[in-house]
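This report describes a single protein chain, from its domains to individual helices, strands and loops. Please keep the sequence and the structure at hand while reading.

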Amino acid sequence: MLSYDVTEWGRPLQKALRDTPTPTGTEVLVRVRYCGICHSDVHIRDGYFDMGGGKKFHMTERGMNVPRIMGHEPFGTVVSAGPEAGEVPVGKDVLVYPWTGCGKCARCAEGMDNWCMQPQYLGIQRNGGYADHLIVPHPRYLIDASGIEPTYAPILACSGLTTYSAVRKLAPSTPRDWVLVLGAGGLGLMAIGMLRALGHENIAVADVDARKFDAAREMGASVTVDPSDPEAVKTLGALEGGVVGAVDLVGLTQTAQLGQAVLRKGGRYVLVGLYGGEITVSLVALAQRAMAIQGSYVGSLPELREVVELARSGKLKAIPVETVPLEQVSEVLDQLKAGTVIGRRVARID
Ligand SMILES: [Zn+2]
Ligand SMILES: [Zn+2]
């Protein structure tokens, strides 16, 4: 099988050829056809996340070792399965839930693998989809995505699921309540699309790059601000009824500060982005403003099924997706690092 591997942290991925694995136990072998190229792979390839205050969280501490095949947005065709896998849809196209856990704990049993304390994520602790074949640990992670464009389905597993799970965490709100989306990159556009699909009408978006505003408006945002503009807080604060929730897809100190500064009483700031930074929160203000600060990391297996349903219903507006041949994956990661990508790139494995 062909793959592009992380062999050295921070270095371009290396092409590798090895024997195609044979599934054992409950495993399923999938012939990968498309795999989304995600911004978090930039950090994973570098080997660490910036935790703020000069602290780094290394991938080796998360149980990831090199060589490793990244790629956690795989879509492909079921080829075969191990003797304990039960009935599997051989020959069918499936979306693969990548945030797999240990498979033994209570969280995994309820499909909350993403909260498992011993994560075995595809493309991080286990090999992922920047390859023509992929081993999935159990058939329960295979999701029927029929009726959804195969180039679009992969992004539902990560950016789709991540943004869905995040916007579902917003404080109880009505469709007319204002929600602020921080960041208008791939995740930001997806978050706007999710909010619209769930019925939200009033969405504001903040990004330092005004070139991204057209795409954000196209997805359904009606107010755009530059967070570095000193008037941004005032503009957002003046929105009718105030801002009920902010979803931060960037995760810098500045975006976190803006997201919290503009919330009305009882509002909720949901953090997804992993750029890295830190904030100081006034405890008095936190209590008096009845504010909530919530982290959100990917999403659960049932949530991914809901996302697929939402996409299938036609309510979810597709974001721009461009396919590239698998051999370009490393270059695309460089472009993502430089912040020059609008929409999403999906690797095509012919
Ligand atoms: Zn991702
Ligand atoms: Zn578990």
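## Terms and basis

Helices (H or I, at least four residues) and strands (E, at least two) are DSSP runs, numbered from the N terminus. This is a predicted model, in which local features need pLDDT of at least 70, side-chain atom pairs count only at pLDDT 80 or more, and totals for chains, interfaces and linings use all residues. Residues are numbered from 1 along each chain as its sequence is written, while chains are lettered from A and ligands numbered from 1 in the order in which they are written.

## Domains and their contact

Domain bounds come from an automatic or database domain assignment. For this chain, that assignment gives domain 1 (2–158 + 299–348) and domain 2 (170–295). The C-alpha centres of domain 1 and domain 2 lie 28 Å apart. To their contact, domain 1 gives 16 residues and domain 2 gives 15 residues; two residues are in contact if their C-beta atoms, placed from the backbone, lie within 7 Å.

On the side of domain 1 that touches domain 2, the elements giving two or more residues are α1 and β4 (48–52). The largest share of that side, four residues, comes from β4. The residues of this side of domain 1 divide into six nonpolar, six polar and four charged. Here Ala, Val, Leu, Ile, Met, Phe, Trp, Tyr, Cys and Pro count as nonpolar, Asp, Glu, Lys and Arg as charged, and the others, Gly among them, as polar.

## Y48 in strand β4

Strand β4 includes Y48. A residue is buried if 20 or more other C-beta atoms lie within 10 Å of its own, exposed if 12 or fewer, and partly exposed in between, with C-beta atoms placed from the backbone. Y48 counts as partly exposed because it has 18 C-beta neighbours inside 10 Å. Leaving aside neighbours within four places in sequence, the contacts of Y48 are H43, K56, F57, H58 and M59. Y48 and A166 are 118 residues apart along the chain, and their C-alpha atoms are separated by 23 Å.

## Helix α10

Helix α10 spans residues 329–338, and V329, V332, L333 and L336 are buried in it. Seen down the axis of α10, these buried residues fall within an arc of 105 degrees, so they line one face of the helix; the arc is that of the directions from the helix axis to the C-beta atoms. An α-helix has 3.6 residues a turn, so residues three or four places apart point the same way. On the other side of α10, D334 and A338 are exposed.

The buried residues of α10 pack against the strands β1 (2–6), β3 (28–37), β17 (321–325) and β18 (344–348), and against helix α1 (40–46). Just after α10, G339 takes a positive phi of about 75 degrees.

Helix α3 (residues 153–167) has 15 residues and reaches 19 Å from its first C-alpha to its last, close to the 21 Å expected at 1.5 Å a residue. The expected span is 1.5 Å times one less than the number of residues in the helix. A kink of about 40 degrees in α3 is centred on S159, where the bend at a residue is the angle between axes fitted to the seven residues ending there and the seven starting there. Of the 15 residues of α3, 15 are buried.

In helix α7 (residues 253–261), the buried residues are T255, A256, L258, G259 and Q260. They pack against β11 (178–182), β12 (203–206), α6 (232–237), β14 (243–248) and β15 (263–271).

## G76 in strand β7

Strand β7 (residues 74–81) contains G76. With 26 C-beta neighbours inside 10 Å, G76 counts as buried. Not counting residues up to four places away in sequence, G76 touches V30, R31, V32, R33, D93, V94 and L134. G76 and L29 are 47 residues apart in sequence and 9.8 Å apart in space, C-alpha to C-alpha.

## Backbone features in loops

A cis peptide bond joins V66 and P67, with omega of about -5 degrees. P67 lies in the loop between β5 (55–58) and β6 (68–69).

A290, in the loop between α8 (283–288) and β16 (292–295), has a phi near 50 degrees, a positive value in a residue other than glycine. A290 counts as partly exposed, with 13 C-beta neighbours inside 10 Å. V298, in the loop between β16 and α9 (301–312), has a positive phi near 40 degrees and is likewise a residue other than glycine. V298 counts as buried, with 24 C-beta neighbours inside 10 Å.
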